[in-house]
Amino acid sequence: MAEDFVTVAWTPSGSVRLIDQTRLPTEEVYIECRTIEEVADAIRTMRVRGAPAIGVTAAMGLALGAQTIQAENFKEFFAALEAMGSLLMRTRPTAVNLAWGVRRLLNLARKSRDLPLPEIKAALVAEARAMQEEDIRINRAMGQHGQSLLPDPARVLTHCNAGGLATAGYGTAVGVIRAATEAGKRIMVWVDETRPLLQGARLTAWELQRAGIPATLITDNMAGHFMARGQVDVVVVGADRIARNGDVANKIGTYSVALLARAHGIPFYVAAPISTLDLSLTDGSQIPIEERAPDEVTHVGGRRVAPAGIRVANPAFDVTPASFVDAIITERGVARAPYDVSLPRLAGEA
């Protein structure tokens, strides 16, 4: 089941091509970023979003910026490259994949310091493009590990968007659903709308419909109703950062879904690549939570739905405690509690 859209790509002309996710589902529009500033703006304004996708996009953005650096020696080049990396890392603080993508290219540049600068620039482009292909392979492996956890038939509830649009292709949580469908399992998906930016309604529903997977859109506050009626068998979500103890930062509202799932005895699974693990953090209290603009809450589709002047809180993510997570699905296998043992083992930490 191949994608019929491209989330992020390096073009032959040397730009970064993105599907503009703010225009979906009514318009399928692609944008070309020709400067690192344009890439940073696309990440900041969520024209590209989803932790794995912005990790790859940030890497491509840094490779793009590297081509413009005029330097006499490696020291000057690397200083400029680090400054560009800092620009990208400031755009979205919660998703650790973004910093991972930037650091991967910085590390490559550092290891290549003895090469001529044009060769280093070319190597950075090659690495960013390889990361895109690698991400798709990782997601397919994750899908295979995860689909074994889904019964047949299964009514799966998911929150936000963790499909091909949130990655370089195939998806994490949606990748698990796709892999189960490809294995012949009878899958139906409950799609949370995911306020305030409606990534479920706009993006996940769009992806599943195009993939031919049966899906039903519900508002976020309907999840408990369907669980209580015995109409949800399993919950699968993605993640933007996972602490060493298994606490999971994901789109705001995920914690509520996890609580509901636990109350109703429904398995709650998280699908995320190894690059989403942040083993430097002991628990989720250390994960920075991005606060976004008030008008995302006060407006829908550009139309005001709240009184002018009302105070607004708009955290983009919440943290689900590890005690509510039944398993974390990665490309290297499935981790279960105690996560401070299983996650470092999967990550290959000595």
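The model is predicted. Helix 7 spans residues 199-211 and bends at Ala 205 by about 25 degrees. Helix 5 and helix 6 pack at about 70 degrees, while helix 1 and helix 2 cross at roughly 165 degrees.

**Helix 7**

- Helix 7 has 13 residues, and the distance from its first C-alpha to its last is 17 Å, close to the 18 Å expected at 1.5 Å a residue.
- The bend of about 25 degrees is located at Ala 205, and Ala 205 is also one of the buried residues of this helix.
- The other buried residues in helix 7 include Gln 199, Gly 200, Arg 202, Leu 203 and Thr 204. Trp 206, Glu 207 and Leu 208 are buried as well.
- Packing partners of these buried residues include one helix, helix 6 (173-182). The strands they pack against are strand 2 (16-19), strand 4 (154-158), strand 5 (187-192), strand 6 (215-218) and strand 9 (248-251).
- Gly 212 follows helix 7 and has a positive phi, near 75 degrees.

**Helix pairs**

- Two packed helices are described by the angle between their axes and the distance between the axes.
- Helix 5 (residues 117-147) packs on helix 6 with the axes 7 Å apart and an angle of about 70 degrees. Angles of 65 to 115 degrees count as roughly perpendicular, so helix 5 is roughly perpendicular to helix 6.
- The crossing of helix 5 with helix 6 is right-handed.
- On the helix 5 side, the contact involves Arg 140, Met 142, Gly 143, Gln 144, Gly 146 and Gln 147. These meet Gly 175, Val 176, Ala 179, Ala 180 and Glu 182 of helix 6.
- Helix 1 (residues 36-44) and helix 2 have axes that come within 8 Å and cross at roughly 165 degrees. Angles over 145 degrees count as roughly antiparallel, so helix 1 is roughly antiparallel to helix 2.
- The crossing of helix 1 and helix 2 is left-handed. Ile 36, Val 39 and Ile 43 of helix 1 make the contact with Ile 54, Thr 57, Ala 58, Gly 61, Leu 62, Leu 64 and Gly 65 of helix 2.

**Backbone exceptions**

- Most residues other than glycine have a negative phi, and most peptide bonds are trans.
- Pro 25 sits in the loop between strand 2 and strand 3 (30-33).
- Pro 338 belongs to the loop between strand 16 (333-335) and helix 11 (339-347).
- Cys 160 is not a glycine, yet its phi is positive at about 65 degrees. The residue lies in the loop between strand 4 and helix 6, and Cys 160 is buried at 6% relative accessible area.
- Tyr 170 has a positive phi near 80 degrees and is likewise not a glycine. Tyr 170 is placed in the loop between strand 4 and helix 6, and with 3% relative accessibility Tyr 170 counts as buried.

**An exposed loop residue**

- Gln 70 is found in the loop between helix 2 (51-66) and helix 3 (74-89).
- Gln 70 has a relative accessible area of 72% and is exposed.
- Gln 70 and Ala 123 are 53 residues apart along the chain, and 17 Å separates their C-alpha atoms.

How values were computed
Residues numbered from 1 in each chain as written. Predicted model: local features only at pLDDT ≥ 70, side-chain atom pairs only at ≥ 80, totals over all residues. Heavy atoms only, no water. Helix = DSSP H or I, 4+ residues; strand = E, 2+ residues; numbered from the N terminus. Expected span 1.5 Å × (residues − 1). Bend = angle between axes of the 7 residues up to and from the residue. Buried < 20%, exposed > 50% of the residue type's maximum accessible area, 1.4 Å probe, protein only. Contact = heavy atoms within 4.5 Å. Axes fitted to C-alpha atoms, helices over the stretch in contact; angles between N-to-C directions. Parallel < 35°, antiparallel > 145°, perpendicular 65-115°, else oblique. Left-handed = near helix turned anticlockwise from the far one by under 90°.
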